[in-house]
Amino acid sequence: QVQLVESGGGLVQAGGSLTLSCAASGSIISIEHMGWYRQAPGKQRELVAVINRGGSTGYADSVKGRFAISTDNAKNTAYLQMNSLKPEDTAVYYCNADIQNYSGTYHQYWGQGTHITVSS
């Protein structure tokens with residue numbers, strides 16, 4: 001069994017910063033990549049940022065230069081540092097990970113989601 005637990009969401013004013021954390025636990029052999037998605041009301045879930053085991057990162061155009069994803073591999077934890085937040089960043093943020101479990105196979109896992117509200 002693998003779990004992803006997110007933390008760090010909340011309410012922030014425009015221009016402010018927040019850091020999200022996503023801790024993976026359970027029957028983990030390796031993590032291929034971890035990423036953050038978000039879903040705003042009435043919109044589809046979209047990829048925000050992703051980082052692979054080698055440390056390569058990718059970002060949505062809308063967050064480039066403002067958000068930074070990183071990992072602590074020893075803790076199986078991913079972080080999303082969000083700066084210069086805008087009201088349009090308001091959404092539920094979900095952690096995603098591609099994890100090899102004790103069966104040897106890879107599976108996609110999702111966190112429960114954490115709300116971020118950016119006030120203008």
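Arg-38 is buried, at 6% relative accessible area. Buried means under 20% relative accessible area, exposed means over 50%, and partly exposed lies in between (1.4 Å probe, protein chains only). Arg-38 sits in strand S4, residues 28-39. Strands (E, at least two residues) and helices (H or I, at least four) are DSSP runs, numbered from the N terminus.

This is a predicted model, where local features need pLDDT of at least 70, side-chain atom pairs count only at pLDDT 80 or more, and totals for chains, interfaces and linings use all residues. Residues are numbered from 1 along each chain as its sequence is written, and side-chain values use heavy atoms, with hydrogens and water left out.

What surrounds Arg-38? Leaving aside neighbours within four places in sequence, the residues in contact with Arg-38 include Gln-44, Val-48, Phe-67, Asp-89 and Tyr-93. Contact means heavy atoms within 4.5 Å. The side chain of Arg-38 also takes part in polar contacts, among them one with Glu-46. A polar contact is a pair of N or O atoms within 3.5 Å; within protein, one must be able to donate a hydrogen and the other to accept it, and residues adjacent in sequence count only if both atoms are side-chain atoms.

| Side-chain pair | Polar contact |
|---|---|
| Arg-38 and Glu-46 | 2.7 Å |
| Arg-38 and Ser-62 | 3.3 Å |
| Lys-64 and Asp-61 | 3.1 Å |

Lys-64 lies in the loop between strand S6 (57-59) and S7.

Four strands form an open sheet in the order S1-S3-S8-S7, with antiparallel pairing. Two strands pair if DSSP finds at least two bridges between them. Strand S1 (2-7) and strand S7 (67-72) are the edges, each pairing on one side only. From one strand to the next, the twist averages 15°. Here axes are lines fitted to C-alpha atoms, for helices over the stretch in contact, and angles run from 0 to 180 degrees between N-to-C directions. S3 and strand S8 (residues 77-82) are antiparallel and share six bridges. Ala-23 has Thr-77 in S8 as its bridge partner.

How many disulfides does the structure have? A search of the whole structure finds one. Cys-22 and Cys-95 form it, with sulfur atoms 2.0 Å apart. A disulfide is a pair of cysteine sulfur atoms within 2.5 Å. The pair links distant parts of the chain, 73 residues apart: Cys-22 is in strand S3 (residues 18-26) and Cys-95 in strand S9 (residues 91-101). Both cysteines, Cys-22 and Cys-95, are buried.
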